[in-house]
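Please look over the sequence and the coordinates first.

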Amino acid sequence: MAHRKDARGRPYVSRTLSQAVDDLPDPPATTSFALIAKLAGGQQDNPTIKTVLALCQALGDVPPAYLLPHAGYDDLAALEAFENPLARRLLVLLSDLPESEVRKVVAHLERRRETLGLSSVPDDGPSAEKPRKARRRRTESEAAQYAADALEGL
């Protein structure tokens with residue numbers, strides 16, 4: 001949510017994202033700000049496909065993989081490029097080449113982008129600073145178990 005901006009130009013929070021989902025033409029039934037906060041905080045980890053697709057649409061049509069908790073999916077520019085069938089074809093063609101050949105292709109593409117007047121692509125994905133990951137809160141039952149263990153001296 002922090003990487004995308006709402007209509008006012010501010011990073012999304014659970015409430016504003018919930019409102020953006022509600023404003024979609026066909027929103028799913030369960031997209032309260034509490035549900036979005038639980039998904040973002042890791043307390044709920046099994047949303048429906050319809051909910052995931054609605055969140056992606058509300059966030060500006062981000063690819064669904066961007067919402068997965070995996071470091072390999074943090075690069076939004078790469079995920080958006082991957083949706084292009086030609087980009088996927090290029091990746092398949094590059095997959096078995098020796099590293100030296102892949103580096104030559106990358107250097108050629110960088111020169112080609114410069115010739116065409118396109119902006120350069122950072123080496124390590126987006127240059128924006130990544131926000132700190134929110135600390136997962138304990139559920140009521142986990143908190144109760146933690147307190148009981150602490151009282152028993154475990």
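The model is predicted, so local features are given only at pLDDT of at least 70 and side-chain atom pairs only at pLDDT 80 or more, whereas totals for chains, interfaces and linings use all residues. Residues are numbered from 1 along each chain as its sequence is written, and side-chain values use heavy atoms, with hydrogens and water left out.

**Overall make-up**

The protein has seven helices and zero strands, where helices (H or I, at least four residues) and strands (E, at least two) are DSSP runs numbered from the N terminus. Along the sequence the pattern reads α-α-α-α-α-α-α. Of the 154 residues, 17% are buried; buried stands for under 20% relative accessible area, exposed for over 50%, and partly exposed for values in between (1.4 Å probe, protein chains only). The exposed surface comes to about 12000 Å², with 55% of it supplied by carbon and sulfur atoms; these areas come from the Shrake-Rupley method with a 1.4 Å probe. Contact means heavy atoms within 4.5 Å. Among contacts between residues at least 6 apart in sequence, 33% join residues at least 24 apart.

**The nonpolar core**

In soluble globular proteins, nonpolar side chains tend to be buried together. A nonpolar core here is a set of buried Ala, Val, Leu, Ile, Met, Phe, Trp, Tyr and Cys residues joined through side-chain atoms within 4.5 Å. The largest one has 15 residues, and Leu-17, Val-21, Ala-58 and Val-62 touch the most other members. Two or more residues each are given to this core by helix 1 (14-22), helix 3 (49-58) and helix 4 (76-82). Helix 3 contributes the largest share, four residues. Not counting residues up to four places away in sequence, Val-62 touches Arg-4, Cys-56 and Leu-76.

**Helix packing**

|---|---|---|

Helix 1 and helix 3 pack at an angle of about 100 degrees, and their axes are 9 Å apart. Axes are lines fitted to C-alpha atoms, for helices over the stretch in contact, and angles run from 0 to 180 degrees between N-to-C directions. Helix 1 is therefore roughly perpendicular to helix 3, a class that spans 65 to 115 degrees. Leu-17, Ala-20 and Val-21 of helix 1 meet Ala-54, Leu-55 and Ala-58 of helix 3.

**Two buried residues**

Ser-14 is part of helix 1 and counts as buried because its relative accessibility is 14%. Leaving aside neighbours within four places in sequence, Ser-14 is in contact with Met-1, Phe-33, Ile-36 and Ala-37.

Tyr-12 lies in the segment before helix 1 and is buried, with a relative accessible area of 11%. Beyond neighbours within four places in sequence, the contacts of Tyr-12 include Met-1, Arg-4, Leu-17, Ala-58 and Leu-59. The C-alpha atoms of Tyr-12 and Leu-59 are separated by 8.4 Å, although the two are 47 residues apart along the chain.

Note on methods: Parallel < 35°, antiparallel > 145°, perpendicular 65-115°, else oblique.
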